[in-house]
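Subject: Structure handover

Hello,

Here is the structure for your work. My notes on it come after the model.

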Amino acid sequence: MLFKVREDILNQLIDQKLKDQEIKRLRINIDEQEIDQTIERIKEANFYTDEDLRGVLAKDGLTMKDYRERIKEQMLRTKLVNLKIRSKIVITKEDITSYYKNHPDKYGGKKKYHLYNIIIKVPLFAGEKEKLKIKARMDEIYTELNTGKSFETMIKSYSESSLGAEGGDLGLFRLDELSPQLRNTIKDMKAGEFTPVFDTDQGFQIFFVKEIVKTSGKPLEEVSPEIEKILFNEIVEKKFQSWIKDLRHQSVIKIIK
């Protein structure tokens, strides 16, 4: 682990030195006014006064001079990336459309399941015999449901939930909001179907899928700027790492131990 950490730090220092040399070779400069403008934007974004910013820096052991130097280094490297990488990247409409289609979980509509339940509670200190008796009652209810009895009617007749009077309506749920046990059963069900008997922390339950609602997804036009930014940053990172690698191969690097 120690050797790996040392190697990683050494590689970071080499990469930083190579970038600094390229900045110097390409005569990339940042003037004081650009630094002032960047610091003002940071202050505005964080609602800092000049005094507030100096106080935050002091807590990190930094002076304003140290901070300005850090800002300058960041801006120089940003300009280097813009010059060598960003200016050569083009994101097409086809790229955006492909990303959109390949991420339906992010931009597509979401399914929600409108669930009802029948529950018979198990007393906190119930013995195994009492628990089996309650399970047998739920099995009888399950059998009656399979003969075509209305779920809503069975709720009013047997459910011990406080929701019984209102029809045991639990509301709408996404799959990821359900327990893994229930999720794996519900995901393959259709509206109008009910689950087997579940042994849950609240008691024995049967769940009914009243309806499946699909919310509308975000249109491509709305999310195109967001996708373009994601793709752009991904490509920038890949190309930058590739550029650094090429720069290493072209350079004479001597490590003195």
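The notes below cover a few helices and a loop.

This is a predicted model, in which local features need pLDDT of at least 70 and side-chain atom pairs count only at pLDDT 80 or more, while totals for chains, interfaces and linings use all residues. Residues are numbered from 1 along each chain as its sequence is written, and side-chain values use heavy atoms, with hydrogens and water left out.

Helix α1 (residues 2–25) has 24 residues; at 1.5 Å a residue these should span 34 Å, and the end C-alpha atoms are 35 Å apart, which agrees. The expected span is 1.5 Å times one less than the number of residues. Helices are DSSP runs of H or I with at least four residues, strands are runs of E with at least two, and both are numbered from the N terminus.

In α1, the buried residues are I14, D15, L18, K19, E22 and I23 (buried: under 20% relative accessible area; exposed: over 50%; partly exposed in between; 1.4 Å probe, protein chains only). They pack against α4 and α10 (220–250), contact meaning heavy atoms within 4.5 Å.

Helices α2 (residues 32–46) and α4 (residues 64–84) have axes that come within 10 Å and cross at roughly 105°. The axes are lines fitted to C-alpha atoms over the stretch in contact, with angles from 0 to 180 degrees between N-to-C directions. The two helices, α2 and α4, are therefore roughly perpendicular (65 to 115 degrees).

L124 lies in the loop between β1 (111–120) and α7 (128–146). L124 is exposed, at 74% relative accessible area.

Regards

Note on methods. Angles under 35 degrees count as roughly parallel, over 145 as roughly antiparallel, 65 to 115 as roughly perpendicular and the rest as oblique.
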